[in-house]
Amino acid sequence: MENTAKPLRRVVIVGGGAAGWMSAAALSAVLKPPYEIRLVESEEIGIIGVGEATIPLIKMFNGLAQLDEATFLKATQGTFKLGIEFVNWGRVGERYFHGFGRVGKPLWPVDFTQYWLRLRALGRAEPIDAYVVSSMAAKANRFMLPKPEMQNSPLADLAYAYHFDASLYARHLRALSERRGVRRTEGKVVRVLLDEAPGPTHGHVRAVQMESGEMVEGDLFLDCSGFAGLLADKALGVGFEDWSHWLPCDRAWAVPSESTKPLLPYTRSTAHSAGWQWRIPLQHRVGNGHVYSSQHMSDDEAAAVLLRNLDAPALADPRLIRFKTGMRKDAWTRNVVAIGMSAGFVEPLESTALHLVQMGVAGLIEAFPHSGFDPVEIAEYNRQSRQRYESVRDFIVLHYHLNQREDGGFWQACANMAVPEGLRWRMALYAASGRLVYVDTDLFREPSWFEVMEGQNLRPKRWLALTELQGLEDTVNYLKGVSDTIANCVSVMPEHSEFIRHYCQAPKM
Ligand SMILES: Cc1cc2nc3c(=O)[nH]c(=O)nc-3n(C[C@H](O)[C@H](O)[C@H](O)COP(=O)(O)OP(=O)(O)OC[C@H]3O[C@@H](n4cnc5c(N)ncnc54)[C@H](O)[C@@H]3O)c2cc1C
């Protein structure tokens, strides 16, 4: 097949937040000369600087970008994350764990959770955390790396992610990318120039003009300019699909606080009367923030709620961040691919934004054009991107919708709202028989949906018939074997802070 279009060689990334530098790090690991990668960013505008909690799939990104784990954790004051503790989400006073990784141990022919539902109904099961190694380790404040060689052990594939300082993360990725030849240009973009000549590239971005007057030209542009949406929104006018009727929080106050002991290996999310508060422990400080709906709470009150609920003194004044939940109608338009918050934003309840960045750049690498831009490739990229955003959205909406709180309009409105159809169907199926659905674009697998639905009090009417193929006492013994093994595994793990001291202790700041 002959390709007559100009070869695509010059990639320009506009923006140097996590999205820009993650894209630069991943692309520079793959694209060698004659490809050129340039990144423009403005220190004066700065970066959002939050985005400190991740999910286990970030390890795939580390592989793609060739990041060494211990080095990057040292450089970013990083800690380990085994899951999220949710406080006050179902009802005020309740708490549950969304631990990463599997629940229980497979036993043919139904899912492990079915046996647990049966035994729970008979009063013979332990709380679900007892069957989730990451949850038990988190509650015991312990951590170790998985032991893949111990094939039958829950330690073989212990699932974990990281907490890190977002600004240090961008800095670390920048150093790595520059070593691999990415050229950085400091300054503000003041104009975006489109190709006006008739032909296949008509309307494509040709260059961005810097405040200094310099023109940065390219063949492919990544819009990583965050909420500014300089290329996708302002220059190309790609529309935005608003999801705030499902996810009404639109602001956050963020503030760092002093470290506390012990160093927890998990994020905590505490629901308040019009939103929720995050607590992310790093080596040198704790990151905190209060995400809320400005329709239901004033900014002053939201800041006061945050400061009142810190575990230790604040290290700075709180910073207000405004956001809108939704997604860009098309992430990729002409020669512009929006990655990061310019492509869309779903609030940080399950720490998914950096994952969406990673998938955005991985998808681009997969479909990287030889020359020209094939509408079929672009359509497929956009289809996959949409499905990822929608699947994350539905999972987050679940947390809000499935509440039984009685303390005000915000939570009742969430409980009463009509949810997206896919979510309605998942909840209906679970409520009928405890069945869990997996769709191939789901980011969160069945155990995650289970832990949240169970943790927020959705109770199935019955369990599946074939659960009873196992005799009752056999099932009791099987579950006991699983929880005993998990308890043993946790007992041999070192304390989280001890593990960090040996593996990735960061310099004092
Ligand atoms: C409250 C909150 C909490 C969050 N928590 C999490 C979390 O726990 N986990 C998670 O995964 N994600 C989280 N996120 C999301 C995460 O922070 C972002 O997805 C991530 O940081 C990527 O942001 P970005 O790079 O797209 O944008 P930004 O960090 O805003 O970067 C934009 C870049 O564009 C540049 N720029 C903009 N305009 C111009 C211009 N005119 N000229 C030159 N340069 C320009 C800026 O200087 C900057 O370098 C959170 C987000 C918010 C709002």
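This section describes the ligand site, the aromatic contacts and selected loop residues of a predicted model.

The ligand comes first. A polar backbone atom of glycine 16 lies 2.8 Å from an oxygen atom of the ligand. For alanine 53, a backbone N or O atom is 2.7 Å from a nitrogen atom of the ligand. Valine 189 places a polar backbone atom 2.8 Å from a ligand nitrogen atom. On its own, the ligand has 1000 Å² of accessible area, and the protein covers 95% of that.

Aromatic contacts were examined next. A pair of aromatic rings is described by the distance of the centres and the angle of the planes. The structure holds 32 aromatic pairs. One of them joins tryptophan 116 and phenylalanine 450. The geometry is edge-to-face, with 5.9 Å from centre to centre and 90 degrees between the planes. This pair links distant parts of the chain, as its members are 334 residues apart. Tryptophan 116 belongs to helix α4 (residues 112-121), and phenylalanine 450 to helix α13 (residues 446-455). Both tryptophan 116 and phenylalanine 450 are buried.

Ring pairs also build a cluster. Its members are Phe72, Phe80, Phe143, Tyr160, Tyr162, Phe164, Tyr169, Phe499 and Tyr503. Tyrosine 160, a member of this cluster, also carries a charge over its face: lysine 59 lies there, 3.9 Å from the ring centre.

The contact with glutamate 52 is at 3.0 Å. The contact with aspartate 165 is at 3.1 Å.

Glutamate 52 also features in a C-alpha comparison with proline 348. The two residues are 296 apart in sequence, yet their C-alpha atoms are 9.6 Å apart in space. Proline 348 lies in the loop between β21 (344-345) and α9. Its relative accessible area is 31%, so proline 348 counts as partly exposed, between the limits of 20% and 50%.

Serine 351 is found in the loop between β21 and α9 as well. Its phi is positive, at about 55 degrees, although serine 351 is not a glycine. Serine 351 has a relative accessible area of 8% and is buried because this value is under 20%. Asparagine 457 shows a positive phi too, near 75 degrees, and is likewise a residue other than glycine. It is found in the loop between α13 and α14 (472-491). Relative accessibility is 18% for asparagine 457, which is under 20%, so this residue counts as buried.

One joins proline 33 and proline 34, with omega at about 15 degrees. Proline 34 is found in the loop between α1 and β2 (36-41). The other runs from tryptophan 108 to proline 109, with omega near 5 degrees. Proline 109 is found in the loop between β5 (95-99) and α4.

Helix α14 contains threonine 485. At 36% relative accessibility, threonine 485 lies between 20% and 50% and therefore counts as partly exposed. Its C-alpha atom is separated by 28 Å from that of histidine 163. Along the chain, threonine 485 and histidine 163 are 322 residues apart.

Definitions and conventions:
Residues numbered from 1 in each chain as written. Predicted model: local features only at pLDDT ≥ 70, side-chain atom pairs only at ≥ 80, totals over all residues. Heavy atoms only, no water. Polar contact = N/O pair within 3.5 Å; in protein donor to acceptor, adjacent residues only side chain to side chain. Areas by Shrake-Rupley, 256 points an atom, 1.4 Å probe, with all protein chains shown as cover. Phe/Tyr/Trp six-rings, centres within 6.5 Å; stacked < 30°, edge-to-face > 60°. Helix = DSSP H or I, 4+ residues; strand = E, 2+ residues; numbered from the N terminus. Buried < 20%, exposed > 50% of the residue type's maximum accessible area, 1.4 Å probe, protein only. Lys NZ or Arg CZ within 6 Å of the ring centre and 35° of its normal.
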